[in-house]
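Open your viewer and keep the selection panel handy.

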Amino acid sequence: MKIELQQLKEEALQSIKSASGLEELKQAEIKYLGRKGKITKVLRGLKDLKESERKEVGSLANDIKNELQAEFSQKKNQEGGVKKESFIDVSLPGEKIDKGHIHPLTIVQSELEDLFRSMGFIVLDGPELESDYYCFEALNMPKDHPARDMQDTFYIDKSSLYNKDEENKDLDLLMRPHTSPVQVRGMQKHGAPFRAVVPGRVYRSEVIDACHEHTFDQMEGIMVDKNISVTNLIAVIKELIDGLFGQKMETRVRPGYFPFVEPAIEMDIKCTICQGHGCPSCKNSGWLELVPAGMVHPKVLKYGGIDPDKYSGFAFGLGLTRLVMMRYCIEDIRMFNSGDLRFLEQF
Ligand code: FA5
């Protein structure tokens with residue numbers, strides 16, 4: 001029996017060696033070690049041996065079985081026999097997964113929206129392709145008003161529009177140069193009292209430099225109610241700036257001019273990049289013009305369908321992109337739309 005076992009072992013080893021592929025290996029394993037396999041049969045026959053032989057042959061048969069099992073496993077591994085998908089090598093270093101980052105504009109915009117919501121403002125949206133009427137006329141800038149030149153506007157060639165024969169045929173369309181058109185749209189839709197902020201993208205045909213882009217973001221704010229005054233306006237803007245920077249910021253108020261507000265002011269903050277000493281970002285003035293604002297002109301209230309004898313209001317037009325520059329000490333506005341991951345990954 002011992003000789004038979006040795007022969008079976010040699011036979012099985014030969015089958016393992018010559019097996020090509022996983023299927024052949026499995027068949028060989030069944031043939032020798034399966035329930036009805038050749039080695040298993042020998043093990044079953046042990047009980048018929050004499051007591052003296054049983055111990056010796058049994059031990060040999062077990063050794064051979066273990067040896068063959070090890071050989072089968074090793075060959076199966078070589079053949080990819082362990083299912084790859086179920087095999088996890090926990091000792092391997094993990095794969096680095098790139099994390100997405102929130103754009104700094106989005107971070108600040110969300111914070112501001114929260115801040116204004118806490119003061120009872122709603123958040124509105126408006127069209128970027130806007131009519132001349134809402135951008136200028138309803139903001140007290142009739143055709144040929146010199147203030148129309150304050151922003152260099154991208155006008156739209158109507159012949160390039162798909163629906164030129166239909167709803168837009170009587171409209172002069174342009175890429176909105178500010179978010180102020182939503183003042184009138186908002187008043188028309190919601191009436192008084194009314195508090196809203198309007199974050200959004202605006203477009204100007206600008207000469208680009210460190211603090212001027214052709215495509216940038218503003219946030220319009222408007223509050224209309226009974227007895228609203230300039231004091232309310234300054235209080236809200238200061239609250240906004242201090243809240244956003246998390247500390248009391250040095251600000252200054254200058255008189256300004258915008259046809260849709262009267263009186264108009266400009267609120268500047270001390271440049272956070274050069275601490276007021278002067279740098280390219282603030283055009284060496286030490287101050288950054290951040291929030292132009294004023295009391296909504298009675299004519300604009302009327303365009304919005306609100307009676308200026310009963311209600312008054314303030315409006316402001318925050319330079320959102322510039323504010324983000326100040327917040328994170330970003331020296332060049334061109335980084336915002338650059339798509340440069342080295343910039344974006346810092347937030
Ligand atoms: C306006 O756009 C007015 N609509 C703001 C306003 C609203 C005034 C309500 C009164 C009441 P202005 O053109 O100054 O104003 O632009 C507003 C802000 O946008 C500026 O203070 C500045 O921070 C930012 N800004 C203007 N031009 C650019 C530019 N080319 N690139 C980046 N930011 C700009």
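Select the ligand: in this predicted model, the ligand sits in the largest pocket. A pocket here is an open set of points on a 1 Å grid over the protein atoms alone, where a 1.4 Å probe fits, with protein on both sides within 12 Å along at least five of seven lines; to sit in one, a molecule needs more than half of its atoms within 2 Å of its grid points.

Numbering runs from 1 along each chain as its sequence is written. Local features need pLDDT of at least 70, side-chain atom pairs count only at pLDDT 80 or more, totals for chains, interfaces and linings use all residues, and side-chain values use heavy atoms, without hydrogens and water.

Next, show the 25 residues around the ligand (a heavy atom within 4 Å). By class, this shell has 11 nonpolar, 8 polar and 6 charged residues.

Now zoom in on the polar contacts (N or O pairs within 3.5 Å):

- Ser180: a polar side-chain atom is 2.8 Å from a ligand nitrogen.
- Glu213: a backbone N or O atom lies 3.0 Å from a nitrogen of the ligand.
- Glu289: a side-chain N or O atom is 3.0 Å from a ligand oxygen.

The protein covers 96% of the 670 Å² of accessible area that the ligand has on its own (Shrake-Rupley method, 1.4 Å probe).

Colour strands E6 (215–225), E9 (287–296) and E10 (312–319) next: each supplies at least two residues of the shell. Strands are DSSP runs of E, at least two residues long.

Finally, zoom out: the C-alpha atoms of the chain fill a box of roughly 120 × 55 × 40 Å along the principal axes.

Note on methods
Polar contact = N/O pair within 3.5 Å; in protein donor to acceptor, adjacent residues only side chain to side chain. 1 Å grid on protein atoms, 1.4 Å probe; cavity = no way out; pocket = protein on both sides within 12 Å on 5 of 7 lines; lining within 4 Å. Helix = DSSP H or I, 4+ residues; strand = E, 2+ residues; numbered from the N terminus. Nonpolar A, V, L, I, M, F, W, Y, C, P; charged D, E, K, R; others polar.
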